[in-house]
Amino acid sequence: MAMDVPKGSFISRFKSSPELQQYIIKRVDYLMGVLQKEHRTIQWMNAVDERKDWNLFTWYWSTLACEYQNDEEGKVYMDTMPDENDKSKVIVQLGNRANNVEMLKKTLDRI
């Protein structure tokens, strides 16, 4: 839709086109949501103490992913994300990327 706007006429087209207004508003709202999610996740990351051998990163803006690799347990992860049903709560998932129950038992025994 935005490609149909001739050079130099964006403002006049924006003022006269409810469709273009909605298109722009929808995209800006999406970007604002991404920024808010990423900001919250970065705040979580900043609040976590760095741990030797753990890799911390954001995943899809709203998940704080923490991974650890070793031979006995594989790639262990702890993902923290907001609860979609209650934004005041978070979900923490512990597992391994191989979905290997025996390796996960070793992790839980060690912890």
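Leu108 counts as partly exposed in this predicted model, because its relative accessibility is 49% and the exposed class begins over 50%. Leu108 lies in helix 3, which spans residues 101-110.

Leu108 also belongs to a nonpolar patch on the surface, together with Met78, Val90, Val92, Leu94 and Ile111. The accessible area of these residues together is about 540 Å². Strand 4, residues 86-96, gives the most to this patch, with 3 residues. In a regular strand, side chains alternate between the two faces of the sheet.

Strand 2, residues 63-70, presents another picture. Of its 8 residues, 7 are buried, so strand 2 is largely enclosed by the rest of the structure. Buried here stands for under 20% relative accessible area.

With strand 1, residues 54-59, strand 2 pairs in the antiparallel sense over 6 bridges. Within this pairing, Leu56 stands opposite Cys66 of strand 2. Strand 1 and strand 2 form a hairpin, with 3 residues between the strands. Tyr60 is in the turn of that hairpin and has a positive phi of about 50°.

Strand 3, residues 74-83, pairs with strand 2 in the antiparallel sense over 7 bridges. Here Ala65 has Asp79 in strand 3 as its bridge partner. Strand 2 and strand 3 likewise form a hairpin, and 3 residues lie between them.

Note on methods. Residues are numbered from 1 along each chain as its sequence is written. This is a predicted model: local features need pLDDT of at least 70, side-chain atom pairs count only at pLDDT 80 or more; totals for chains, interfaces and linings use all residues. Side-chain values use heavy atoms; hydrogens and water are left out. Patches are made of residues with over 30% relative accessible area and no salt bridge: like charges are joined within 9 Å, nonpolar side chains (Val, Leu, Ile, Met, Phe, Trp, Tyr) within 5 Å. Accessible areas come from the Shrake-Rupley method with a 1.4 Å probe; for residues, only the protein chains shown count as cover. A salt bridge is a side-chain nitrogen of Lys or Arg within 4 Å of a carboxyl oxygen of Asp or Glu. Helices (H or I, at least four residues) and strands (E, at least two) are DSSP runs, numbered from the N terminus. Buried means under 20% relative accessible area, exposed over 50%, partly exposed in between (1.4 Å probe, protein chains only). Two strands pair if DSSP finds at least two bridges between them.
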